[in-house]
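Please consult the sequence and the model while reading.

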Amino acid sequence: MSRLGDTIRTARMQAKMTEKTLARKCGMAEGVIKDIESGRRIVSDDQAQRILKILGVENPVSAELEVAQEPEAPLRPRPYKLPVSEPEAQAEGDNSAWLDALGGVVKRVPVTDENSTVIDHVLVPVVGGKIEGGAPDKVFYFRCPDDALRGYRIHAGDLLLCVPAQKVEDGAISLFLLDGKRAARKANKLDGNRVHLQSYDREFASQTLPAAQARVLARCVKLERRL
């Protein structure tokens with residue numbers, strides 16, 4: 001059991017609260033609370049402080065929870081491709097031929113925005129015929145349009161490598177189709193075949209949907225931050 005997990009469990013028992021009750025108050029699944037208390041799950045600083053505040057722990061900010069505050073990352077401008085001259089076009093064609101020859105080693109993975117528009121490409125190594133467990137021609141990057149996941153240290157302009165998925169993975173960051181646009185959210189499965197989607201900019205926000213309405217597009221498996 002971790003120090004944080006032990007603190008949460010002790011405070012919960014003193015408050016005479018069950019894991020299920022605490023989970024409901026925090027907007028989490030009961031299994032998540034159990035995993036946190038047992039030390040099997042690591043949570044963000046914001047989540048930990050939220051749980052402790054709900055339990056009435058005074059001054060929850062402690063050395064074990066403090067993390068360095070990262071500066072806000074401005075949204076990177078969309079790339080603009082200048083017209084190329086004939087020699088440059090030839091060089092670009094040579095690069096394409098070179099990439100074709102290395103198709104089994106590296107792959108030009110598209111970078112997409114919230115509207116599914118391809119705005120860039122990133123060269124990614126192919127290992128064992130896969131990219132992070134996904135088919136090379138199916139994976140893609142999602143560029144975060146805002147700071148909706150800032151509480152999970154994911155900022156505007158960051159790239160999330162996505163592997164297509166059809167089922168929600170409990171506790172994972174996944175890409176969903178919400179109100180006609182794609183958005184990355186932390187998902188938790190709830191009782192009653194429901195899904196709890198979380199975001200955390202400067203304040204915690206969430207929404208609960210029937211599993212059938214939580215249209216998951218992909219599982220986010222890797223974060224890339226460009227300097």
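Helices are DSSP runs of H or I with at least four residues, and strands are runs of E with at least two. In this predicted model, the chain holds 5 helices and 9 strands.

Q: Why is Tyr 200 called buried?
A: A residue is buried when its relative accessible area is under 20%. Tyr 200 has 13%, so Tyr 200 is buried.

Q: How do you know whether Phe 204 counts as buried or exposed?
A: The cut-off for buried is again under 20%. Phe 204 has a relative accessibility of 19% and therefore counts as buried.

Q: What makes Tyr 200 and Phe 204 an aromatic pair, and of which kind?
A: Such a pair is described by the distance of the centres and the angle of the planes. Centres must lie within 6.5 Å, and planes over 60 degrees apart count as edge-to-face. The ring centres of Tyr 200 and Phe 204 are 5.6 Å apart and their planes stand at 75°, so the pair is edge-to-face. By this rule, the count is 1 aromatic pair.

Q: What makes Arg 50 a charge over the ring of Phe 204?
A: CZ of Arg must be within 6 Å of the ring centre and within 35 degrees of the ring normal. Arg 50 lies over the face of Phe 204, at 4.4 Å from the ring centre.

Q: Which residues touch the most other members of the largest nonpolar core?
A: In this core of 18 residues, they are Ile 8, Leu 22, Ile 51 and Leu 55. Helices H1, H2, H3 and H4 each give two or more residues to the core.

Technical notes
Residues numbered from 1 in each chain as written. Predicted model: local features only at pLDDT ≥ 70, side-chain atom pairs only at ≥ 80, totals over all residues. Heavy atoms only, no water. Core = buried A, V, L, I, M, F, W, Y, C linked by side-chain atoms within 4.5 Å. Buried < 20%, exposed > 50% of the residue type's maximum accessible area, 1.4 Å probe, protein only. Phe/Tyr/Trp six-rings, centres within 6.5 Å; stacked < 30°, edge-to-face > 60°.
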